[in-house]
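Student: I would like to learn how to read a few features of a structural model with care. Could we take them one at a time, with the general idea before the case?

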Amino acid sequence: MSFSADARLCCIAAGELMNVSAAELTSPLRGSPPVASTRQVAMWLLYEWKQLGSWSELGRAFERDRTTVRHGVERVSARMIADEEGLGRRVREALAQLRRG
């Protein structure tokens, strides 16, 4: 797969956060629930980090449909609000790291 460079960075950050390999996240397959969930975190990170202008643009970065990435971003946002497993704090820390470079 040829994810965008920024999407790959987000996959690495999300993978480290959730203990999933970047190779699993960039697979064309959906993967197990933990892999799919971690990929959604990577999508959220890219969406927030780069402030992409459209769901289609985010979808192209991850080689996924725009509705898939929208669902992923919205799901992570809801999980962060519910603060499942301290997810909100951990994902915001990963975002801060990406912004620092």
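This is a predicted model: local features need pLDDT of at least 70, side-chain atom pairs count only at pLDDT 80 or more; totals for chains, interfaces and linings use all residues.

Student: How many disulfides does the rule give?

Tutor: A disulfide is a covalent bond between the sulfur atoms of two cysteines. The rule used here asks for a pair of cysteine sulfur atoms within 2.5 Å, and by that rule the count comes to 0 disulfides.

Student: Are Cys10 and Cys11 buried or exposed?

Tutor: The general idea is to read relative accessible area, where buried means under 20%, exposed means over 50% and partly exposed lies in between, with a 1.4 Å probe and protein chains only. Cys10 is buried at 0%, and Cys11 is likewise buried, also at 0%.

Student: How many salt bridges are there?

Tutor: A salt bridge requires a side-chain nitrogen of Lys or Arg within 4 Å of a carboxyl oxygen of Asp or Glu, and the count by this rule is 3 salt bridges. One of them joins Lys50 to Asp6, with the closest N and O atoms 3.9 Å apart. Lys50 lies in helix H3 and Asp6 in helix H1 (residues 5–18), so this pair ties together parts that are 44 residues apart in sequence. Helices here are DSSP runs (H or I, at least four residues), numbered from the N terminus. Lys50 is partly exposed at 36%, and Asp6 is partly exposed at 27%.

Student: Which residue does Arg70 meet in a salt bridge, and which does Arg89?

Tutor: Arg70 pairs with Glu74 at 3.0 Å, N to O, and both residues lie in helix H5, 4 residues apart, about one turn of the helix. Arg89 pairs with Glu93, the closest N and O atoms being 3.1 Å apart, and these two are 4 residues apart in helix H6 (residues 87–100), again about one helical turn. Arg70 is partly exposed at 42%, as is Glu74 at 42%.

Student: What lines the largest pocket?

Tutor: On a 1 Å grid over the protein atoms alone, a pocket is an open set of points where a 1.4 Å probe fits, with protein on both sides within 12 Å along at least five of seven lines, and lining residues have an atom within 4 Å of a point. The lining of the largest pocket includes Arg30, Met43, Arg64 and His71, and about 200 Å³ of space lies in this pocket. Helix H3 (33–50) and helix H5 (66–82) each supply at least two lining residues, and the largest share, 4 residues, comes from H3.

Student: Where does Leu25 lie, and what does Leu25 touch?

Tutor: Leu25 lies in helix H2 (residues 22–25) and is buried, at 0% relative accessible area. Contact means heavy atoms within 4.5 Å; not counting residues up to four places away in sequence, Leu25 touches several residues, among them Phe3, Cys11, Val35 and Arg39. The C-alpha atoms of Leu25 and Val35, 10 residues apart along the chain, are separated by 6.2 Å.

Terms used:
Residues are numbered from 1 along each chain as its sequence is written. Side-chain values use heavy atoms; hydrogens and water are left out. Grid points are joined across faces, edges and corners, and a volume is the space filled by probe spheres set on the points.
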